[in-house]
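Reader: I'm new to this one. Could you show me how to read it, feature by feature?

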Amino acid sequence: MIRDPLRNANRHRSRRAFLALAALLAIFIAAPQLRADEPYARSRDYDLQHSKIALRFDLDQKKILGEVTHSLSILRDGTTKIAFDSVGLTIQSVTLNKTAAKFETSADKLIIPLPAAARAGDKFEIAIRYEGKPAKGIYFILPDKDYPDRPKQIWTQGESEDTRYYLPTYDYPNDRLTTETILTVPASWITVSNGKLISVSDAGKGLKTWYWKESVPSSTYLITVVAGEFDEVKDTWRGIPVTYYAPKGRGDRLPINFGRTPAMMELFSKKFGVDYPWEKYAQVMADDFVAGGMENSSATTNTSTSLVHPKLAPEYFTGQDDLISHELGHQWFGDLVTIKDWGDIWLNEGFATFLEAVWTEAHFGKDQADYERWSNAREWFESSNLWNKPIVRHDFDDSSEFDGNAYNKAGWVLYMLRHQIGEDAFYRGLKRYLEVNRGKNVVTSDLSKAIEEATHTNVDQFFGQWLYGAGAPKFDLSYTYDGEKHQVMLAVKQTQKVEGRVGLFRVPVEVEITTASGPKLYNVTVSKDNQTFPLSAESVPLMVLFDKGGHVLKFAEFHKEKKEWLYQLKNAADLADRADAVVALGKMKNDEEVVAALGEALRSDKAWGVRATAADTLGQLGGASASKLLLAALDSNDKPWVRSRVVSALGNFKDDAAVAAKLDSMAKQDDSYRARAAALQALGRLKTPHAFATLDAAVAADSPDGFLRNAALRSLGPLGDDKAVPLLRQWSAAGKPIDSRTAAINSLARLQKDNKDITKQLAAYLTEPHFSVRMAAIYALGGRGDATAIPALEALLKSDDLSIEMVPMIKAQIARLKKPVDGKPGANAGSGDAGEESAEAGGEKFTTEQRLEKLEHLLQEMSERLKSMEKRLPPPKQ
Ligand SMILES: [Zn+2]
């Protein structure tokens, strides 16, 4: 699934990004109390082969009425009982081979004793009638007094271990079954489930029964049930139905955001040499969805925030394609071939993340793929809590296995693997992996085995250091030139601390040396802590690139002179090398030549990622020349994804009248909504003299989906002018659009900090049904610093409907309130065993304050995307 709301604004990090944030927050707190997912697969007594699931719904009570018939085959001689996972459900009756049977229930199991000890191969049909008001697993999104016009929606989210909250079943990935899903719903509704739609029939009393049948086996966490008031758009790929669903009234947004799905199916089918394996592909966009996206077999569910307004959609270069390609990629990697246990979750998420890049490369080109990879590496190195954990791990009791290693780093590792063994060999290996394991469960060694069998390349050492080991190489690099021998002596040190699972790395690296007579490429293999490579060069090098193009996940400090960096910025062929030059030059303060070169890159680099990074860097460097160059860049009318970054960079120039005037006019008028939103945000940060008036007007005005209003509401917090309080209280309130509320809540919490009425108002939102409002309120209360909110937060911790992401967030905020942020990180969780984690592993030390600032920044981005939760890490600034 995708957990990450945080990468670029146009990316829907879903649950994953969200977890990354939670992990960041976990720095402050002790271990969460929620049950962790079972790290190792269970031993099985039976093989669940088929389930016929019939569901009806009581909307008034948010209740489900279910009847499930399981067909299973015993695996062990002497089996005396059948146990299903079942949480919070009332079991009404059980029949065993059509005869009434006894059963017992515990907090998390339904147990059916067998009349006599069974033998391996014995088959049973067990029918269970049950009902319940599930706290999770299935969610009712219904109109209420504050939102009377909401389209009705019911949807499920099984991964990782929540199917058992609405269906008594075998709920672990190491079993696969076919399903029939029979849903009886109001006649005007649409339903979506796994597999083929067999029939829709009249069920009387204004109801209809939808009958879905999935004939390709998959695991129970991939079962999906969606029902409600949806618009449908139909498409096909090679004759297979491809359908899209939006909550009623938003169907016109489907084609612009999801229209490239068939092209992705074609690309992946060709690359893998294994065609899309299911009978149809549906994507349902659901309101308040608890993740960014979830790859249920043949029927993905995504957050409806992916339905970007048609006027805004063109302002995001890659649109929703990361989300779409990620979930589609899972249909092979995750659904067709499924992990045996959660400890190998990277085989799902790493592949899905890597496949986003495969689509990006094919459709948007090399520069875009390079830029995302370069950004992802920086992001990963900043996530200090990931450093010493291997990608394959089973010790996630106090954290989530869905972390930035399973997504971001694992995606990178697959990229490296492809680069090192070559495109052909890589895809031959994947084809074998998919063919040998289709319909089965896998662990990491199944992949290395398939690659070796298909290509005769042994990848054990690669897997050893990158998947079973932790960390990544950190290089200290320098060189001298020997004019007599015509040699560059390249000195390479590995500086990462070798401890725990972090070792010395052995990596092949491409070194390019450019002299007056042109570039020359050398292949070296780094394997020691300190090595010198003599490389021939006819004359003094103009440029030495270590890992040309950036194909190794690494942190590198290359000691070069300014003139070399300037040369590199201008002349390096690959984006990663030019972007590295931008970052290196950004460390040279008060240097007009550097500023001018960055300005030139901002003006003329062919890759937008370099132009945008140059803008960020000029913003960080500051000074009169930098602001002039940034202002000038706005005349060039670059794409919205660059323009908005230039505007954000201008938000660093305090007391610059020209900047303030330009931002004010852009906030009011510009062709790019994203640039206008960035200008509104910058005005608040700069606290310019007319900021309040401009923001106030922007809140009053309309724009697509309230995009500018929300930016203005977010900006009123940093502005810090108490005049905004009435406006923010009004826009925080129930009934206003959810996105506006989360923005207003974040800002409101920052004003009149001694006003207890505001704290009360915010605390009242903790119990709202809307996930993003809740999250915003939790975080806002923590930042507000008013300890009177602690009891409300503590009470919330006890409620039974918290998603696993929410718990660390609540605890972190309680910790913030108990001990104001002035001391060490991890201050005090109040429970005595505060889990303090190193905050520096990624190569940079963050002070508590810096980390909080970073969190604030992430939260701001999140408030746009809060509902989307699956996929990735906090991204580079968009
Ligand atoms: Zn995923």
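Author: Let's start with a term: buried means under 20% relative accessible area, exposed over 50%, and partly exposed in between (1.4 Å probe, protein chains only). At 0% relative accessibility, Phe 258 counts as buried. What you see is a predicted model, where local features need pLDDT of at least 70, side-chain atom pairs count only at pLDDT 80 or more, and totals for chains, interfaces and linings use all residues. Residues are numbered from 1 along each chain as its sequence is written, and side-chain values use heavy atoms, with hydrogens and water left out.

Reader: What percentage of the protein chain's residues count as buried?

Author: Of its 878 residues, 62% do. As a general idea, nonpolar side chains in soluble globular proteins tend to be buried together. A nonpolar core is a set of buried Ala, Val, Leu, Ile, Met, Phe, Trp, Tyr and Cys residues joined through side-chain atoms within 4.5 Å. Here the largest such core has 257 residues, and Phe 546 is one of those that touch the most other members. Contact means heavy atoms within 4.5 Å. Beyond its neighbours within four places in sequence, Phe 546 is in contact with residues including Phe 475, Leu 490 and Phe 558.

Reader: How do I read a pair of aromatic rings?

Author: By the distance of the centres and the angle of the planes. Rings of Phe, Tyr and Trp (its six-membered ring) pair if their centres lie within 6.5 Å; planes under 30 degrees apart count as stacked, over 60 as edge-to-face and the rest as tilted. That rule gives 37 aromatic pairs. Take Tyr 46 and Phe 84: at 5.8 Å centre to centre and 70 degrees between the planes, they are edge-to-face. Both Tyr 46 and Phe 84 are buried. For Tyr 244 and Phe 258, the centres are 6.4 Å apart and the planes at 45 degrees, so this pair is tilted.

Reader: And two packed helices?

Author: They are described by the angle between their axes and the distance between the axes. Helices (H or I, at least four residues) and strands (E, at least two) are DSSP runs, numbered from the N terminus. Axes are lines fitted to C-alpha atoms, for helices over the stretch in contact, and angles run from 0 to 180 degrees between N-to-C directions. Helix 22 (residues 738-748) and helix 24 (residues 771-784) pack at about 5 degrees, axes 8 Å apart. Angles under 35 degrees count as roughly parallel, over 145 as roughly antiparallel, 65 to 115 as roughly perpendicular and the rest as oblique. Helix 22 and helix 24 are therefore roughly parallel.
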